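Please open the structure in your viewer and keep the selection tool at hand.

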Amino acid sequence: MSDKPERITLEEWDLRYEQLQRAGTCQPNYGGPLSRHVADGDQRLLKLRYDNSAAALRLWNFLLTEEDRLHDARAGGKKLIGTMKDLGTVPVMAYSFDNIVAFYPDGAWWIPCVMELSAGLLSIADSLGIDESFCPVRAMLGAFVTGAHFPVPDRLICSAGATCDDFSAIAQRLSSLGHPILWWEIPHRRRPDPDEAAVNLPGGFTAPKCQVEFVKSELERIKTAVEETAGEQLDEKKLSAGIKEANQVRRYLAELRHLAFTAELCPIPALEMLIAEMLAIHFCSDRRETIEVLKELLDEVQARVQAGVGILDADAAKIFWVNPVADLQVMNLLEDCGGRICGTEYLFTHALHEIPENLPPLEALARMTLADPMVGSSTDRAERICADIRKLGSEAIIISRIPGASHCALEGQVIGEIVQEEFNIPVLEIEVPPVTDSMRPTVRTRLEALVETVKARRKR
Ligand code: SF4
């Protein structure tokens, strides 16, 4: 375990880095001081607070060197697949090939935050008719136009059907700019009729068997396309091995989430946990290294829990958080206000559940696809959230709205009402744009008020 766990600034990380260097801490080839990433334009890093462990250093360096990794992969002869929207399914298949690297161009979602709007990606999207009435994923269009953030993939694959209007419109605009897209359909998950054959999905939802079969046929089509790109066949044995590796990532994350949400003293900050969870989606372009990064983080967290130390006060208010924040700094702010994360639903819980290993692999992936919380109703999503709140004992829920996101117009109300009816805990809805600086005092006041309310309720 590192020394006393705490959250430190980027400046403090420079000193800490020298200390770790002197102590002979091993680093991977992408290691180095965190502050060097500011020179790439990642200005927001100057305003964040970070966990002070060597494991967190590795996590951040891994995240912030992904573009280099993609360029190296191409230079090394690998093919790049840009997967879009399904958040976690196609990469499990793609990483089962030997010479494919898959990533989500959707990840450009966070560039306006990390570069504090300096990259101009949102203005480019504006100029293409995709204005601020769309969610920040529109930054992806700007990233394709400038070519400054990730290499243009050899093939683009995007899910359609049960998806948000934002992504459909933005991906269609991308296609009109001369980037051909292979579309595949995920139907809206419905509850099976009483007399209909039903299938249990990872995470607890059910779906009609015919929907699983349909998705499986769509995945067959995707597999054939990726085989063409790879120039290599993907048999069941290789795909099953890929699923096993993905499950290793998911098992480490399950253990990390369990400890982060339930340990008496919070052992790891919300921001590092958000990034760790995101690794499940496409392994930050290196599946093997993702497993190593998560293993080191888990070792650190386990050691802290065993030693009875953490990074926050023992009485921190336990908050369930819904939706990812467009501004990463808000995760710090929650902790500055006296809260801790106790449960999350960042739109991709289907990428966190283990994929069944006792089924034909494409059928297992089809079930995982339909377990996506965003392809069913908001009521289903709310019930899943309730099941987690019941398990974790969360004392309040924050639903962070994403500016312009079509699903955010009403779902917050639906989720909030269902949670309140079930548990009678405080519900707070806040909107988080990519850079919250101008509204920080308001957000801070609302978070502080929520934490005070939680603590006052404990005395009843
Ligand atoms: S609207 Fe929501 S689901 Fe759609 S791309 Fe934006 S964040 Fe993702």
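The stops below cover the ligand, a sheet and a helix in turn. Please bear in mind that this is a predicted model.

**The ligand.** Select the ligand and then display the residues around it. The surrounding residues are Lys85, Trp109, Cys135, Val137, Cys164, Asp166, Phe167, Leu347, Ile402, Ala405 and His407.

Next, select residues 100-103, which form strand 4, and residues 181-186, which form strand 6. Both strands belong to an open sheet of four strands with parallel pairing, arranged in the order 4-3-5-6. Strands 4 and 6 are the edges of this sheet; each has a single partner strand, so one of its sides has no neighbour there. Viewed from one strand to the next, the twist averages 25°.

Now select residues 79-84 (strand 3) and residues 155-161 (strand 5), a parallel pair joined over four bridges. Within this pair, locate Ile81, which stands opposite Arg155 of strand 5. In general, the strands of a sheet pair through backbone hydrogen bonds.

**The helix.** Finally, select helix 13, residues 329-336. Seven of its eight residues are buried, so the helix is largely enclosed by the rest of the structure. The buried residues are Gln329, Val330, Met331, Asn332, Leu333, Leu334 and Glu335. Display what they pack against: strand 1 (7-8), helix 11 (270-282), strand 9 (317-322), strand 10 (339-345), strand 11 (396-401) and helix 17 (440-458). End the tour at Gly338, which follows helix 13 and has a positive phi near 100°.

Conventions:
Residues numbered from 1 in each chain as written. Predicted model: local features only at pLDDT ≥ 70, side-chain atom pairs only at ≥ 80, totals over all residues. Heavy atoms only, no water. Near = heavy atom within 4 Å. Pairing = 2+ DSSP bridges. Helix = DSSP H or I, 4+ residues; strand = E, 2+ residues; numbered from the N terminus. Axes fitted to C-alpha atoms, helices over the stretch in contact; angles between N-to-C directions. Buried < 20%, exposed > 50% of the residue type's maximum accessible area, 1.4 Å probe, protein only. Contact = heavy atoms within 4.5 Å.
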